[in-house]
Amino acid sequence: VPTNAATPDYLDEHNGRFCVTPEFPGGIYCYFATVDSKWNSYYPYVVGPTFYGIKNAQKVPTITEPVTIFPATPNATADISKTLSDMTVFPNPANDLIAIQVNNLNKKDIEIKLFDLSGRQVNKTTIFAGSTIAYFDVKTLYSGTYFVHMQCGNEKAVKKISILK
């Protein structure tokens with residue numbers, strides 16, 4: 001049975017809805033997400049190609065609560081090489097959105113660039129250390145073959161993807 005705004009399992013186009021919580025008894029907009037058995041993001045993602053409200057992309061400069069800081073491993077280069085080779089780019093073929101997902105613990109920032117067949121860079125983003133996923137909105141791109149270049153330090157990987165309209 002399809003859900004709608006009146007059913008309790010309804011999520012809008014942003015994978016969210018307004019909810020009443022103990023912290024917000026008057027209600028607040030909430031995003032919903034799922035993870036797979038390895039705790040990687042899994043559809044529906046926290047925020048897909050759209051979001052509700054005003055985007056305020058910032059890095060958090062300080063954290064006030066206690067945190068665990070994991071030291072760099074002695075074999076960090078091998079870890080990054082494995083991280084890049086194990087990344088997933090999907091769906092393939094795509095028509096409106098490409099997701100790039102790290103399939104294990106990401107310890108360093110990974111630069112992601114999207115190139116067309118002629119070698120022209122059409123988009124770029126970063127998967128920051130501790131994050132697992134990045135997106136490219138490809139609704140305005142033409143059908144064809146594209147390449148996702150992933151780089152962390154001197155380590156590089158490339159994945160081929162098709163866009164079909």
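**Notebook: cysteines, rings, core and loops**

I began with C30, which counts as buried at 16% relative accessibility; buried means under 20% relative accessible area, exposed means over 50%, and partly exposed lies in between, with a 1.4 Å probe and protein chains only. I note that this is a predicted model, in which local features need pLDDT of at least 70 and side-chain atom pairs count only at pLDDT 80 or more, while totals for chains, interfaces and linings use all residues. Residues are numbered from 1 along each chain as its sequence is written, and side-chain values use heavy atoms, with hydrogens and water left out.

**Cysteines**

How many disulfides does the structure hold? I found zero disulfides, taking a disulfide to be a pair of cysteine sulfur atoms within 2.5 Å. C19 is in no disulfide, and the nearest cysteine sulfur to it, that of C30, is 3.9 Å away. C30 is likewise in no disulfide, with the sulfur of C19 as its nearest cysteine sulfur at 3.9 Å. C19 counts as buried, at 12% relative accessibility.

**The aromatic pair**

Next I looked up rings, and the structure holds one aromatic pair. For the cut-offs, rings of Phe, Tyr and Trp (its six-membered ring) pair if their centres lie within 6.5 Å, and planes under 30 degrees apart count as stacked, over 60 as edge-to-face and the rest as tilted. The pair links distant parts of the chain, since F18 is in strand β1 (residues 16-19) and Y29 is in strand β2 (residues 28-31), 11 residues apart.

I28 and F18 are 10 residues apart in sequence, and their C-alpha atoms are 5.3 Å apart in space. Leaving out residues up to four places away in sequence, I28 touches R17, F18, C19 and T21, where contact means heavy atoms within 4.5 Å.

**The chain as a whole**

I counted one helix and 11 strands in the chain, and from the N terminus on the order is β-β-β-β-α-β-β-β-β-β-β-β. Helices (H or I, at least four residues) and strands (E, at least two) are DSSP runs, numbered from the N terminus. Buried residues make up 27% of the 165 residues in the chain. Of the contacts with a separation of 6 or more, 48% are between residues 24 or more positions apart.

**The nonpolar core**

Which residues touch the most other members of the largest nonpolar core? This core has 22 residues, and those touching the most other members are M87, I98, I100, I110, I112 and M150. The elements giving it two or more residues are β6 (97-101), β7 (110-116), β9 (133-137), β10 (144-152) and β11 (155-163), and the largest share, four residues, comes from β10. By a nonpolar core I mean a set of buried Ala, Val, Leu, Ile, Met, Phe, Trp, Tyr and Cys residues joined through side-chain atoms within 4.5 Å. I also listed the partners of M87, which, not counting residues up to four places away in sequence, touches I100, Q101, V102, N103, I110, I112, I127, M150 and K159.

**Loops**

In the loop between β5 (88-90) and β6 I found P91, and the peptide bond from F90 to P91 is cis, with omega near -10°. P93 has its place in the loop between β5 and β6 as well, and the peptide bond from N92 to P93 is cis, with omega near 10°. Most peptide bonds are trans.

S143 is in the loop between β9 and β10 and counts as partly exposed at 43% relative accessibility. Not counting residues up to four places away in sequence, S143 touches I163, L164 and K165.

**Confidence**

Last, I checked pLDDT, the predictor's confidence in each residue, from 0 to 100. Its mean over the chain is 81, and 79% of the residues reach 70 or more. Confidence is lowest in helix α1 (residues 76-85), at a mean of 64, and highest in β7, at 96. Over residues 73-77 pLDDT stays under 50, and for these the model has four contacts beyond four places in sequence.
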